[in-house]
Amino acid sequence: MELSGKTIAILATHGFEQSELEVPRDRLKKAGATVHVISLAEGEIKGWDMKDWGRPVKVDKTLDQAVSTDYDAIVLPGGQINPDLLRVQPKALAFIKEIFNAKKVVAAVCHAPWLLIETGIAKGRKMTSYKSIKTDVINAGALWEDSQVVVDQGVITSRNPGDLEAFSAKIIEEIKEGRHSQRSAA
């Protein structure tokens with residue numbers, strides 16, 4: 001149980017890409033971590049499964065209930081809808097930024113780097129993303145590369161669902177390394 005005693009936040013809302021929430025969640029739990037799905041409201045959030053609505057996922061805590069100091073890392077699933085809805089929510093952006101500023105692991109896949117752009121985390125950082133937001137990432141001042149997984153001082157990014165196994169493995173590895181004290185605040 002590599003991550004026993006670690007608690008991970010997955011921040012998502014309706015329209016998250018189904019596999020981009022479920023695969024990291026399941027891999028982190030299998031590694032021994034406690035994983036909380038955090039969202040804007042109680043109940044369930046509905047995923048997007050490639051071309052249509054997917055399965056609902058139970059929300060463990062609302063953003064109002066979640067405290068960033070309780071978490072060792074945050075995972076941000078993509079899909080087009082989910083990060084677009086979250087990037088206009090000041091509480092969501094503040095939560096991500098608090099975890100980042102505490103030098104903990106921040107992981108974003110697909111379109112979720114939009115959240116790293118909105119929080120200022122992207123600027124000056126090596127990153128990847130879904131190909132359709134490559135220009136957004138570059139315009140935010142990041143150094144974009146077309147790689148399965150890119151890590152820059154505990155900030156992990158991946159491109160798409162095809163990268164999820166490598167993305168999940170890298171999250172586990174980075175959490176095991178601990179805080180990234182050399183990282184500068186955004």
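## Two helices that cross

Axes are lines fitted to C-alpha atoms, for helices over the stretch in contact, and the angles between N-to-C directions run from 0 to 180 degrees. Helices (H or I, at least four residues) and strands (E, at least two) are DSSP runs, numbered from the N terminus. The model is predicted, so that local features need pLDDT of at least 70 and side-chain atom pairs count only at pLDDT 80 or more, while totals for chains, interfaces and linings use all residues. Residues are numbered from 1 along each chain as its sequence is written, and side-chain values use heavy atoms, with hydrogens and water left out.

The axes of helix 1 (residues 18-30) and helix 6 (residues 164-177) come within 9 Å and cross at roughly 45°. That angle makes helix 1 oblique to helix 6, given that angles under 35 degrees count as roughly parallel, over 145 as roughly antiparallel, 65 to 115 as roughly perpendicular and the rest as oblique. Contact, meaning heavy atoms within 4.5 Å, is made by S19, E20, V23, P24, R27 and L28 of helix 1 and by L164, E165, F167, S168, I171, I172 and I175 of helix 6. These contact residues divide into eight nonpolar, two polar and three charged, where Ala, Val, Leu, Ile, Met, Phe, Trp, Tyr, Cys and Pro count as nonpolar, Asp, Glu, Lys and Arg as charged, and the others, Gly among them, as polar.

Seven strands form an open sheet of mixed pairing, in the order 5-2-1-6-7-11-10; two strands pair if DSSP finds at least two bridges between them. Strand 5 (61-62) and strand 10 (149-152) stand at the edges with a single partner strand each, so one side of each is left without a neighbour in the sheet. Strand 10 runs antiparallel to strand 11 (residues 155-158), joined to it by four bridges, and D152 has V155 of strand 11 as its bridge partner.

Helix 1 packs on this sheet, touching strand 1 (7-11), strand 2 (34-39), strand 6 (73-76) and strand 7 (105-109), and its direction makes about 155° with that of strand 2. Helix 3 (residues 90-101) lies across strand 1, strand 2, strand 6, strand 7 and strand 11, and runs at about 135° to strand 6.

## Strand 7 and its partners

Strand 7 runs parallel to strand 6, with four bridges between them, and I74 stands opposite V106. Strand 7 also runs parallel to strand 11, again through four bridges, with A107 opposite I156.

Five of the five residues of strand 7 are buried, so this strand is largely enclosed by the rest of the structure; buried means under 20% relative accessible area, exposed over 50%, and partly exposed in between (1.4 Å probe, protein chains only). In a regular strand the side chains alternate between the two faces of the sheet. Here V105, A107 and V109 point one way, and V106 and A108 the other way.

Strand 3 (residues 44-49) and strand 4 (residues 52-58) run antiparallel and are joined by five bridges, with W48 opposite W53. Their hairpin has two residues between the strands, and there M50 takes a positive phi near 65°. At 66% relative accessibility, M50 counts as exposed.

K103, in the loop between helix 3 and strand 7, has a phi near 65°, a positive value in a residue other than glycine. At 22% relative accessibility, K103 counts as partly exposed. K131, in the loop between strand 8 (126-127) and helix 5 (134-139), counts as exposed at 65% relative accessibility.
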